[in-house]
Amino acid sequence: MSTIETGKVLTASLLAGGTVVFLARNGRWSDSVDEAAVALEPVAVEALERRGREAEAANVVTGAYLVEVERREGRVLPVHIRERIRVLGPSVRPDLALRVEPALAEL
Amino acid sequence: MYRYDQFDHQFVVERVDQFRDQTLRRLNGDLSEDEFKPLRLMNGLYLQLHAYMLRIAIPYGTLSSRQMLRLADIAERYDRGYGHFTTRQNIQFNWIALEDAPDILADLASVEMHAIQTSGNCIRNVTTDHWAGAAADELADPRPVAELLRQWSSLHPEFSFLPRKFKIAVTGSPHDRAAVRVHDIGLRLHLNEAGEKGWEVVVGGGLGRTPMLGVTLREFLPEAELLGYLEAVMRVYNLIGRRDNKYKARIKIMVHEMGMEAFRAEVEAEYARQPKPSTGVDGAELERIAAYFAPPAFEKLPRWSADYRAHRAKDPAFARWSKSNVAAHACDGYAIVDISLKPEGGIPGDATAQQMRAVADLAQRYSFDEVRVSHHQNLVLPHVRQDDLYAVWQRLKAEGLDAANIGQAGDIISCPGLDYCSLATARSIPVAQAISRRFADLNRQADIGPLRINISGCINACGHHHVGHIGILGLEKKGVEFYQITIGGSSANEASIGTILGPGFSGDEVPDAIETIVNTYLALRQEGETFLDACRRVGSEPFKEALYATRH
């Protein structure tokens, strides 16, 4: 039986390239939300926010903010449709999709 | 076409160098994001949902083949192989890297293009009739005046920090194809009995969250007075326009709050004051500009081409395309070709690099090297010999650019919506695609007749939904997209803002709702009556009844 966890991940845009990234569990920035560190507790959320400010100050990323997500069987998906589209790529260009699953139709 | 002079060249190149330096300073941390953001926006570079987006100005929608080829190169080299033509006759690239932006601007400068004033609270790209200089019904080509306004408004020190953005449209035809009544300033050409030119000055129109039709301040302003008078309008707006609330900062709100007579009195007083006597249009300068827009060397041809007629008789698909996508040209033996960027199920306004190259090639071979971008997000070959129409169509067909639907149900205006735009509240492109598929039958589209369906993915109304015959506005509630439908809008001569029919629909329900509206029209229309005329005759009730009577 699968369990669903809800929490927050930190996202931003790479400063030089502009593409969407997430702060990963290994402390690096990843283009895969599945690799994102999911903060379940307020303390962890604060830590993510701090990392975002540091990365912005270091000119690695810009526009860092927290996104509400659900984690189900190791897969992470934002709750809000705007963030889902940001994670998956334009729903009208599956050829440019950043992640194949879940089906874009499920947005 | 207008060509840069030495000053223009030098200025644009210097601007690229300046932005290159600013970008390097941002990348190495000398500039913070807060410091850099207004600088990149001044050069058309936004940070959107997935990446940086570069909005490039196409003054009054006119492009040469060389410029179109450069856009294709940019699409391929720096983006993901395509671009999006917008309702301001511009192009946007969706996947730009900040570190590439200075090189892209340098590439653009080499073909006399830039992205200046495509963002910010300044006078934006001046738009006009996409058939300018070609249309059979035109009084005069509006582009010399549009170019004059471009030069006047570019980096105008007094008007670079207005209360809010400012959009100007110009038309030289009695049939408004430039939507002048829904612009901050709309200019409409008239000729007096002596054949002299004068401009009707319409002020205070706009869409967005508070749609309004502009009011006529002057019925017939002599051309020589144009800049001086517009400066008076701008100055009054700059001084009185609200800066405390961005949602009330557009000139339309000010005109509405003051009342037209009070506003006109302010403008006339400011104009009479004439603080700067040099703001009149210099006749010699306007003539110099106008020379760039002199008609090309048209051949002397019979009014109608026998060859064109024969091909239409022989090939029904060509005949159908000719009927919807070919318009009357001012010059005998020529025609205007509208290239639809709305294939069945396609993304409105998108074109691949290959398609851009094909259009550039067609323009070079068959249209005196000219391409236009329409605010309907289509392209235009303005000067094609009727004898060449069949060859042009065959090439368009080979490139997937032969959709025969101009001005019909499939020719949908759509903003990028939530698929790309960080301001959007809902997706608009998938809704456009679903409607396009629903009305794919070209015979049915032809039977329905002229129909403008416009879709915006948020209240900012980049998809001009208020002036769609059928308008669709995408909104969001608790994370779920829904769509509000209006009918009866128009941006043409008798402009009108659409009426909301009732509660919204889910995205999946929209095609059915549109079909119900269209079927209601088909059932009640009188002989020769268009959708818009029928809406105006019967009002919105029959449509509401049909849409909502069986719901709930």
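1. From the N terminus on, chain A of this predicted model has its elements in the order β-β-β-α-β-β-α. That comes to two helices and five strands. Chain A has 107 residues, of which 34% count as buried. Among its contacts with a separation of 6 or more, 48% are between residues 24 or more positions apart.

2. The five strands of the sheet in chain A are ordered β3-β2-β1-β4-β5; the sheet is open and the pairing antiparallel. At the edges stand β3 (29-30) and β5 (75-78) of chain A, and each has a single partner strand, so one side of each is left without a neighbour in the sheet. Inside the sheet, β1 (residues 4-14) and β2 (residues 20-23) of chain A are paired in the antiparallel sense over three bridges. One position to look up is A:A12, which stands opposite A:V21 in β2(A).

3. For α2(A), the strands it lies across are β2, β4 and β5 of chain A, and it runs at about 130° to β5(A).

4. Is A:V61 buried or exposed? A:V61 is buried, since 23 other C-beta atoms lie within 10 Å and the cut-off for buried is 20 or more. A:V61 belongs to strand β4 (residues 61-72) of chain A. Apart from neighbours within four places in sequence, the contacts of A:V61 are A:A12, A:S13, A:L14, A:L15, A:V21, A:W29, A:A55 and A:E56. A:V20 is 41 residues from A:V61 in sequence, and the C-alpha to C-alpha distance between them is 9.4 Å.

5. On the contact between the chains: 21 residues come from chain A and 23 residues from chain B. On the side of chain A that touches chain B, β4 and α2 (81-88) of chain A each supply at least two residues. The largest share of that side comes from α2(A), with four residues. By class, the residues of chain A that touch chain B are nine nonpolar, ten polar and two charged.

6. Chain B also contains an open sheet of five strands, in the order β3-β14-β15-β12-β11, with antiparallel pairing. Its edges are β3 and β11 (326-328) of chain B; each has a single partner strand, so one side of each is left without a neighbour in the sheet. From one strand to the next, the twist averages 35°. β11(B) and strand β12 (residues 334-339) of chain B run antiparallel and are joined by three bridges. Within that pair, B:A327 has B:I336 in β12(B) as its bridge partner. Helix α3 (residues 65-77) of chain B lies across β3 and β14 of chain B, and its direction is at about 85° to β3(B).

7. What describes the packing of two helices? Two packed helices are described by the angle between their axes and the distance between the axes. In chain B, the axes of α16 (residues 510-524) and α18 (residues 541-548) come within 9 Å and cross at roughly 135°. α16(B) and α18(B) are therefore oblique to each other, and their crossing is right-handed. The residues that make the contact are B:A513, B:T516, B:I517, B:T520 and B:L524 of α16(B), together with B:P542, B:F543, B:A546 and B:L547 of α18(B). By class, the contact of α16(B) with α18(B) has seven nonpolar residues, two polar residues and no charged residues.

8. Two residues of chain B deserve a check of the backbone. B:Y60 is not a glycine, yet its phi is positive, near 40°. The place of B:Y60 is the loop between β2 (52-56) and β3 (62-64) of chain B. B:Y60 is buried, because 27 other C-beta atoms lie within 10 Å. B:D369, also not a glycine, has a positive phi of about 70°. B:D369 lies in the loop between α12 (353-366) and β14 (370-373) of chain B. With 18 C-beta neighbours inside 10 Å, B:D369 counts as partly exposed.

Note on methods: Residues numbered from 1 in each chain as written. Chains lettered and ligands numbered in written order. Predicted model: local features only at pLDDT ≥ 70, side-chain atom pairs only at ≥ 80, totals over all residues. Buried ≥ 20, exposed ≤ 12 C-beta atoms within 10 Å, placed from the backbone. Contact = placed C-beta atoms within 7 Å. Axes fitted to C-alpha atoms, helices over the stretch in contact; angles between N-to-C directions. Parallel < 35°, antiparallel > 145°, perpendicular 65-115°, else oblique. Left-handed = near helix turned anticlockwise from the far one by under 90°. Nonpolar A, V, L, I, M, F, W, Y, C, P; charged D, E, K, R; others polar. Pairing = 2+ DSSP bridges.
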